[in-house]
Amino acid sequence: MQNKIRIGTRGSELALWQTYHVKKLLEVHFSDIVVDVEKIKTTGDKILNAPLAKIGDKGLFTKELEIALLDNHVDIAVHSCKDVPTLVPEGLTIAAVLEREDARDVFIANPKKSHQVFIALPSNAIIATGSLRRKCQLLNVRPDLHLTEIRGNLNTRIEKLDSSEWNGMILAKAGVTRLGWAQRITEILPFELMLPAVGQGALAIECRSDDSRMQELLHPLHHAPTAIAVTAERALLRYLEGGCQIPIGAYGQIIGNELYLDAVVGSLDGKQLVRGKKIGIISNAEQTGIDLARELLYQGAKEILEEIRKTF
């Protein structure tokens, strides 16, 4: 059926929001198209009792979707860009990157506690986060903090926070906003304190690389400025050979005719933090990411990453 598109997605509430957002956009652009949604469970969805860094770091939330694409079971897959490995399997391509939401992280305070912002946290406060990237940046600023693991969907995390004695938790603003929990945000964390995950806030749509019809249909959804920024971030991550096991943050943005890229690599305890910036030309985003990665390695990130890899 020529006018039918099958979208593969994870079954989480956020993944479904993202997928139905893409479905709606396609239906707006092409009124005669029928869009079906296929839920597919990924490795990252099946293993909820272990930190992501302990499970492995390649394709935790994408592999099964990509297999479904290659097997022609679905036509496209919608991913959070931050979940997509920097090397896409042969036969597949990222056909569209949607306009990015706010890429920053947010602090959600425990409503039982008197403090509402990060700077007001008492000594030895307990913060929930499952991200090594967040942990290293938090501990660099506040080595006294106690960080506790948290996984699960947003509703589960908020319930856990409210029933705990934790002081708060850190989440991505895009996901919190998309699921209608913006009223629980007590502080948006500045990039100076917390650089986001590579691709955070952006959605990537993947399809088969030989499917020219699908690539053409997805073209109106593609947002070039976001794609350029994310390309630089992903090039940096690929050069550093990073993933869920590596504390790396990065954020690219286009200002005028230039690409600004900011990145950080940190040790697990937060005691060592290497941070750098690079300004590049828009037409060479990948090289900008590689150049900044090289600079970070030279400044000490190489030793940090080698030490971290020994622990996993």
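How many bridges join β5 to β9, and in which sense do the two strands run? Two bridges join them, and the strands run antiparallel. This is a predicted model.

**The five-strand sheet**

The sheet is open and has five strands in the order β7-β6-β8-β5-β9. Its pairing is mixed. The edges are β7 (146–148) and β9, each of which pairs on one side only. Strands of a sheet pair through backbone hydrogen bonds, either parallel or antiparallel.

|---|---|---|---|
| β5 (105–109) and β8 | antiparallel | five | I108 and M169 |
| β6 (126–128) and β8 | parallel | two | A128 and M169 |
| β5 and β9 | antiparallel | two | F107 and E187 |

**Strand β8 and its cover**

Is β8 enclosed or open to the outside? Five of the five residues of β8 (168–172) are buried, so the strand is largely enclosed by the rest of the structure. In a regular strand the side chains alternate between the two faces of the sheet. Both faces of β8 are covered. G168, I170 and A172 are buried on one side. M169 and L171 are buried on the other.

Two helices lie across β8. Helix α5 (132–141) lies across β5, β6, β7 and β8. Its direction is at about 130° to β8. Helix α6 (154–162) lies across β5 and β8. Helix α6 runs at about 165° to β8.

**Two nonpolar cores**

In soluble globular proteins, nonpolar side chains tend to be buried together. Here the largest nonpolar core has 22 residues. Those with the most contacts inside it are L236, L240, I248, A263, V265, L292 and L296. Four elements each supply at least two residues: α9 (224–240), β11 (248–255), β12 (258–266) and α10 (285–310). The largest share, eight residues, comes from α10.

Beyond its neighbours within four places in sequence, L236 is in contact with I248, A250, L261 and A263, among others. Its contacts also include G289, I290, L292, A293 and L296.

A second, separate core has 18 residues. Among them are I5, I33, V78 and I205.

**One aromatic pair**

The structure holds one aromatic pair. F191 and Y251 are stacked, at 4.3 Å centre to centre and with 20° between the planes. F191 lies in the loop between β9 (187–188) and β10 (203–208), and Y251 lies in strand β11, so the pair ties together parts that are 60 residues apart in sequence. Both F191 and Y251 are buried.

**A buried threonine**

T9 sits in strand β1 (4–9). Is T9 buried or exposed? T9 has a relative accessible area of 0%, so it is buried. The side chains of T9 and T19 are joined by a polar contact of 2.7 Å. Leaving aside neighbours within four places in sequence, T9 is in contact with A15, L16, T19, V37, E38, K39, I40 and L65.

How values were computed:
Residues numbered from 1 in each chain as written. Predicted model: local features only at pLDDT ≥ 70, side-chain atom pairs only at ≥ 80, totals over all residues. Heavy atoms only, no water. Core = buried A, V, L, I, M, F, W, Y, C linked by side-chain atoms within 4.5 Å. Buried < 20%, exposed > 50% of the residue type's maximum accessible area, 1.4 Å probe, protein only. Contact = heavy atoms within 4.5 Å. Polar contact = N/O pair within 3.5 Å; in protein donor to acceptor, adjacent residues only side chain to side chain. Phe/Tyr/Trp six-rings, centres within 6.5 Å; stacked < 30°, edge-to-face > 60°. Pairing = 2+ DSSP bridges. Axes fitted to C-alpha atoms, helices over the stretch in contact; angles between N-to-C directions.
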